[in-house]
Amino acid sequence: MSKGPGLFVDIGKNSKDLLTKDYTSDQKFTVSTYTGAGVALTSTVLKKGGLSTGDVAALYKYKNTQFDVKVGTDSNISTTLSFTEILPSTKTIVSFKVPDYNSGKLEIQYCHDHATFTTTIGLNQTPGVDVTATIGTPAIAFGAEAGYDTFSGNFTKYTAGISVTKPDSCASIVLGDKGDSIKASYVHYLDQLKKSATVGEISRRFSTNENTFTVGGAYAVDHLTLIKAKLNNHGRLGALLQHEVVPKSLLTISGELDTKALDKSPRFGLALALKP
């Protein structure tokens, strides 16, 4: 386990990953290669509905600097620069898109043994500012997040959360949407590698009195094959099969079915990621 409490975004991340990660209803094909100079190249083709898109990404690391650029078929170029330890215990991230010159952002992360802080500011004339803070230990952490729009002078968001982590389980509660929603989740791991697990999540939106309860899990059939499934009280059933066809190359097949509307066709997705 790490020394500090982690970033605010990590609160509830384990349950979110179990219930959402790798589930897809689209077709996705990814190929990754590495050059002799240490540049990682990734090409992705995505078919969503009747629309196909693609992008090529390059990632290069040199000492404490990481450079990431992505060029898409929509003529957008996304660039991210990351610098660690410019100051002790800090990480600085600069990102921007071309031709959207107002999309630039500067993020600074500070990690201490008992606290983490992040500040994100837009690089434009009327920037938005996001601030997060987390205090605690790897076992228990309290955090808060706030967003402020300098143009309107209003808060765009404020969120608070708590997480409790043990070697074989983790639980979290997050109060979000400016106090309009609350989400509680619990994950229990069934093996030491944390590949097999069960998860339960309940959320409530106060303005609409809507409750959603979701249960799910993951089961490692062997070291190459993983099965995941989830079901909520609205009848949405999802399932996923992921197999490592060759080392580091994954084939993922997933589907989703509305059990309360069986006349509707289920949605299926396919993803193939090839790495050397």
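This is a predicted model: local features need pLDDT of at least 70, side-chain atom pairs count only at pLDDT 80 or more; totals for chains, interfaces and linings use all residues.

Reader: Is Cys170 buried or exposed? And what about Cys111?

Author: Cys170 is buried, at 10% relative accessible area. Cys111 is partly exposed, at 38%.

Reader: OK, salt bridges. How many does the structure hold?

Author: Eight salt bridges. One of them joins Lys13 and Asp17, with the closest N and O atoms 2.7 Å apart.

Reader: Where do Lys13 and Asp17 lie?

Author: Both are in helix H1, residues 13-20. They are four residues apart, about one turn of the helix. Lys13 is partly exposed at 38% relative accessibility. Asp17 is partly exposed too, at 24%.

Reader: What does Arg205 pair with?

Author: Arg205 forms a salt bridge with Asp177, the closest N and O atoms being 3.1 Å apart. That pair links distant parts of the chain, 28 residues apart. Asp177 is in the loop between strand S12 (169-176) and strand S13 (181-189), while Arg205 is in strand S14 (residues 197-205). The side chain of Arg205 also meets Asp180 in a salt bridge, 3.1 Å from N to O. This pair links distant parts of the chain as well: Asp180 is in the loop between S12 and S13, 25 residues from Arg205 in strand S14.

Reader: Buried or exposed, those three?

Author: Asp180 counts as buried, at 18% relative accessibility. The cut-off for buried is under 20%. Asp177 is partly exposed at 43%. Arg205 is partly exposed at 33%.

Reader: Which residues are linked in a network of salt bridges?

Author: Arg236, Glu256, Asp258 and Arg267.

Reader: Switching to strands. How do S1 and S2 pair?

Author: Antiparallel, over eight bridges. Strand S1 covers residues 27-34 and strand S2 covers residues 39-48. Thr33 stands opposite Leu41 in S2. The two strands form a hairpin with four residues between them. Gly38 in that turn has a positive phi of about 90°.

Reader: And S2 with S3?

Author: S2 and S3 run antiparallel, joined by ten bridges. Ala40 has Leu59 in S3 as its bridge partner. The hairpin of S2 and S3 has two residues between the strands, and Gly49 there takes a positive phi near 65°.

Reader: Why flag them?

Author: Most residues other than glycine have a negative phi.

Reader: Are those lysines buried or exposed?

Author: Lys63 is exposed, with a relative accessible area of 72%. Lys248 counts as exposed at 57%.

Reader: Which peptide bond is cis?

Author: The one from Val98 to Pro99, with omega near 15°. Pro99 is in the loop between strand S6 (90-98) and strand S7 (105-111). Most peptide bonds are trans.

Reader: I'm looking at Ile121. What is it in contact with?

Author: Leaving aside neighbours within four places in sequence, Ile121 is in contact with Gly104, Lys105, Leu106, Pro127, Gly128 and Val129. Ile121 sits in strand S8, residues 115-122. Ile121 is partly exposed, at 32% relative accessibility. Its C-alpha is 9.1 Å from that of Ile108, which is 13 residues apart from Ile121 along the chain.

Reader: Last one. Which residues make a nonpolar surface patch?

Author: Tyr219, Val221, Ile227, Leu241, Ile253 and Leu270 make one of about 520 Å². Tyr219 lies in strand S15, residues 210-220.

Methods
Residues are numbered from 1 along each chain as its sequence is written. Side-chain values use heavy atoms; hydrogens and water are left out. Patches are made of residues with over 30% relative accessible area and no salt bridge: like charges are joined within 9 Å, nonpolar side chains (Val, Leu, Ile, Met, Phe, Trp, Tyr) within 5 Å. Accessible areas come from the Shrake-Rupley method with a 1.4 Å probe; for residues, only the protein chains shown count as cover. A salt bridge is a side-chain nitrogen of Lys or Arg within 4 Å of a carboxyl oxygen of Asp or Glu. Buried means under 20% relative accessible area, exposed over 50%, partly exposed in between (1.4 Å probe, protein chains only). Contact means heavy atoms within 4.5 Å. Two strands pair if DSSP finds at least two bridges between them.
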